[in-house]
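The stops below go from one element to single residues and then out to the whole chain.

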Amino acid sequence: MSEKRQQLMETAYRLFNRHGFHATGIDRIWAEAGSTKRTLYRHFPTKDALIEAVLLSREQEFFALLEGKLAGLEGRESRLHALFDGFGEWFGRSDFYGCNFINASAEFADSRHPVRKLVVAHKQVLLNWVREQLECSLLQATGICLLLEGAVVMAHSYQQPLALEQARSLALAVLCADGESPLLASCRQRLSGR
């Protein structure tokens, strides 16, 4: 990747985080990157193409972080804890503004829009990755992803520092449920105790 392209993407990433995708104009991106409009459009024919490139770059960086945390670990529980540790590291970064994909989803509501399709694809990749890495059922992976997504929103939107640890505890219960809904298992336990 050329240095100029990388600089444009880094500037766009920073501005999209701080101001949103729609509110950030192309002119501001190329100006703050110390570039020209012509150079920007040579690398990215449309603003949507730039947004997609930024999101794909974030996806690669995000999964590299998570895979680094899980590398060499065995056992579902230890891998689950490493997954949450990876999210904790991400939450602690100075450029943490929540999930770029969740933010993009809010701004690109039309399910036919290419950016929205990229968001859906990313979330499906994350779901499948969690399922594979934790060797769990689709139901369990869905529950764990739901908890992770909720922790992201709580950590960013509500500045809730305990959200991730609360989600970790609940995710452990989901992982240990062995395919049965934790709520159903809890209800059965309560009913059998009567």
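What covers the buried residues of helix 4? The cover includes helix 1 (3-19), helix 2 (26-32), helix 3 (37-43), helix 5 (76-91), helix 6 (100-107) and helix 7 (114-134). Helices here are DSSP runs of H or I with at least four residues, and strands are runs of E with at least two, numbered from the N terminus. Buried means under 20% relative accessible area, exposed over 50% and partly exposed in between, with a 1.4 Å probe and protein chains only.

Before going on, note that this is a predicted model, in which local features need pLDDT of at least 70 and side-chain atom pairs pLDDT 80 or more, while totals for chains, interfaces and linings use all residues. Residues are numbered from 1 along each chain as its sequence is written, and side-chain values use heavy atoms, leaving out hydrogens and water.

Select residues 47-70. This is helix 4, with 24 residues. From first C-alpha to last it reaches 35 Å, close to the 34 Å expected at 1.5 Å a residue; the expected span is 1.5 Å times one less than the number of residues. Among its buried residues are L50, V54, R58, E59, F62 and F63.

Now show the side chains of F62 and F63. The structure holds 11 aromatic pairs. Rings of Phe, Tyr and Trp (its six-membered ring) pair if their centres lie within 6.5 Å; planes under 30 degrees apart are stacked, over 60 edge-to-face, the rest tilted. The F62 and F63 ring centres are 5.5 Å apart with planes at 65 degrees, so this pair is edge-to-face.

Because F62 lies in helix 4 and W90 in helix 5, the pair ties together parts 28 residues apart in sequence. F62 is buried at 8% relative accessible area, and W90 at 6%.

Move to T11, in helix 1. T11 is buried, at 7% relative accessible area. Leaving aside residues up to four places away in sequence, T11 touches I29, E32 and A33 (contact means heavy atoms within 4.5 Å).

Finally, zoom out. The protein chain has 10 helices and 0 strands, and 40% of its 194 residues count as buried. Its C-alpha trace spans about 70 × 35 × 30 Å along the principal axes.
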